[in-house]
Amino acid sequence: MIELEKVTKTYPDGTEAVRDVSFEVDKGELCVLLGPSGCGKTTTMKMVNRLIPITTGKIFVDGVENTEIDEDELRRNIGYAIQDIGLFPHMTVAQNIETVPALRGWPKDKRRQRVEKLLELIGMNPGEFIDKYPGELSGGQCQRVGVGRALGADPPILLMDEPFGAIDPITRVRLQDEFLRIQQEIKKTIIFVTHDIYEAIKMGDKIALMDQGQLVQYDTPASLLYRPKNEFVENFVGADRALKGLQLIRVKEIMTSSPPLVEADEGTATVEQRMQYEGIDWLVVVDDEGKFLGWVDRANLAAGQLVSDIMNSSATTATANAVLSEALSLMLSSGLKILAIVDRANKVEGMLSFDAIQKALSEIAQRGESE
Amino acid sequence: MRRHVILVSLLVVLVGLTVWITNMDKIGVMEPFTYGEMLKETQRHLLMVVTAELAVILIGVPLGILVTRPGFRKLATPVIGGANAGQSIPSLAIVAIMVPLLGMGFGPAIAALFIWGLLPILRNSYAAINNINPAIVEAARGMGMTRGQIARKIELPLALPVIMTGIRVSTVVVVGTATLAALIAAGGLGRIILAGVFSGVPLITLQGAAPTAAMAIGLGFILERIEKWMTPRGLRIEV
């Protein structure tokens, strides 16, 4: 889908920003360009949509060399999202998102439909946000709109330059998770630039690790972690690669789905029976809609009549799309040995135990080394 | 709101003063200027200001924008520097220089006002475009907007409020400077001020100065309203 062939960028003053870089991104794949700042990753990305002209080499987009296509036309077919977002402050959210559809001359109602669909996709209520201005949005919301705008005319390819860079870590993790969920749905071919190895491992189907303008290793995240090609990769990956391996696995891969649930208004007597029957010491407490409320512990059962009297209320949850490192971090900071896994509506989907994480970690290490 | 009250009271006082003096029979050795003469000089003053401003806008705004464009950026320093130099010459000196260069009268007065009014507009137009967040322009390019579309749909609307501020500042400055045009026989409210100065009658000076001040305040106020009205809604949001 995107193919780089011996791509080199030399500036007039003689600096070589990118040297002889070749790799291929398959259709529907997310390829992360990773490396320290100044390694040429952004330059490489910008040569794909010709924001930076190539010096030598070739870049093929869907089999056609990108210099054969009119540059504005090329860019309208490639979604573009950047760290500084660059939303147009004088235009509404809707006008921002429909930028490319408007350039394409889509009729008004088709554009409106597209905007509404995209707002839902990026998790923003169309009724509330469609006519807002960027100045009225939070940083995270702006990032979402930036991604929505990149998807405006449903381009098959996306270029993303640290799209979740300029926000706080918590929002960032949430946006990453949501973007991965979106990507499962839309299956775009993506080049994603970051300097953050955690983000790279989490987001990438493939990682292209660059250094000083050259491509050092192009591999899957697991291979990069467990079979580094040289010392640079090893150092960049770091000594804590076992921990980084936690980024490779999603909660949904190892969680226990449909865990034992109990409703808050049930009596403690029935709960005790169930615990005995299932042979466990705790249960997940939900409300009548299945939304997560907290935990109930066998040791406390005697202290009240109803589950709601004795349960430990908790708001600590993770989503099924979160990676294990995030789940583990939540467990460590909240002191829980088990974590409730909820969907977007806070309904319980599963649960994750400390033991399950440990088991998964040893498996991935073995797999990576023997691959 | 409080500012509006102050502005309006100030205007009422200034116009009131003018009317009061014009209605007087005799001030010392002089008779005040008549309503007819006042009207004529006010019109002439306004005509000078409007003519000079139109020229400044027509040349200053495009020139200021032009030197932000790739290929012309090297010209920015000499152009802005030139305008800076123009305004650093005392206004009286500019008016005086016009006499040997262009002679006396309306045309040379406009030329002098042009030199003095150019800087605020040139500088603001340049800064307005130059200070647009580069990420906004990069995003626009990255999505396939042509250079023309970026200029029309992105840069110009974002720059307009700042350009309008330049026009307002320039106009207010020119209203004041235009009083000096009377020195080279171009007329205007400056003629009344000078008459008062030369005859040693302060009230006559005031008869010319008060309406000049009123004109500066009034035009400044109108242009400020236009500026607000031209500011895109998304930019009026307090962030």
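## Where the chains meet

In this predicted model, chain A gives 22 residues to the contact and chain B gives 20 residues. Three elements of chain A each supply at least two residues of the side that touches chain B: helix 2 (71-76), strand 6 (78-82) and helix 4 (99-103). Helix 2 of chain A has the largest share, with four residues.

What classes of residue make up the side of chain A that touches chain B? Eleven are nonpolar, five are polar and six are charged.

## Chain B in outline

Chain B has nine helices and zero strands. Read from the N terminus, its elements run α-α-α-α-α-α-α-α-α. The C-alpha trace of chain B spans about 75 × 45 × 25 Å along its principal axes.

Chain B holds 239 residues, and 38% of them count as buried. Now take the contacts in chain B between residues at least 6 apart in sequence. Of these, 76% join residues at least 24 apart.

## Helix 2 of chain B against helix 8

Helix 2 of chain B covers residues 35-66, and helix 8 of chain B covers residues 189-199. Their axes come within 7 Å and cross at roughly 125°. Why is helix 2 of chain B called oblique to helix 8 of chain B? The crossing angle of roughly 125° makes it so. Angles over 145 degrees would count as roughly antiparallel, and 65 to 115 as roughly perpendicular.

Which residues meet here? Helix 2 of chain B brings B:Glu41, B:Thr42 and B:His45. Helix 8 of chain B brings B:Leu189, B:Arg191 and B:Ile192. The residues of this contact split into two nonpolar, two polar and two charged.

## Helix 2 of chain B against helix 7

Helix 2 of chain B also packs with helix 7 of chain B, which covers residues 147-177. Here the angle is about 145°, and the axes lie 10 Å apart. Is the crossing left-handed or right-handed? Helix 2 of chain B passes helix 7 of chain B in a right-handed crossing.

From helix 2 of chain B come B:Val49, B:Ala52, B:Glu53, B:Val56, B:Ile57 and B:Val61. They meet B:Ile163, B:Ile167, B:Ser170, B:Thr171, B:Val174 and B:Val175 in helix 7 of chain B. The contact residues divide into nine nonpolar, two polar and one charged.

## Strand 3 of chain A

Turn now to chain A. Strand 3 of chain A runs over residues 30-34, and five of its five residues are buried. A:Leu30, A:Val32 and A:Leu34 point one way from the strand. A:Cys31 and A:Leu33 point the other way.

Which way does strand 8 of chain A run beside strand 3 of chain A, parallel or antiparallel? The two run parallel, joined by five bridges. Strand 8 of chain A covers residues 189-194. In strand 8 of chain A, A:Ile191 is the bridge partner of A:Cys31. Strand 3 of chain A also pairs in the parallel sense with strand 9 of chain A (residues 206-211), over four bridges. A:Ala208 in strand 9 of chain A stands opposite A:Leu33.

## A four-stranded sheet in chain A

Chain A also has an open sheet of four strands. The order is 11-18-17-16, and the pairing is mixed. Which strands form the edges? They are strand 11 (256-257) and strand 16 (317-319) of chain A, and each pairs on one side only.

Strand 17 (residues 338-342) and strand 18 (residues 348-353) of chain A run antiparallel, and five bridges join them. One bridge links A:Val342 with A:Val348 in strand 18 of chain A.

Methods. Residues numbered from 1 in each chain as written. Chains lettered and ligands numbered in written order. Predicted model: local features only at pLDDT ≥ 70, side-chain atom pairs only at ≥ 80, totals over all residues. Contact = placed C-beta atoms within 7 Å. Nonpolar A, V, L, I, M, F, W, Y, C, P; charged D, E, K, R; others polar. Axes fitted to C-alpha atoms, helices over the stretch in contact; angles between N-to-C directions. Parallel < 35°, antiparallel > 145°, perpendicular 65-115°, else oblique. Left-handed = near helix turned anticlockwise from the far one by under 90°. Buried ≥ 20, exposed ≤ 12 C-beta atoms within 10 Å, placed from the backbone. Pairing = 2+ DSSP bridges.
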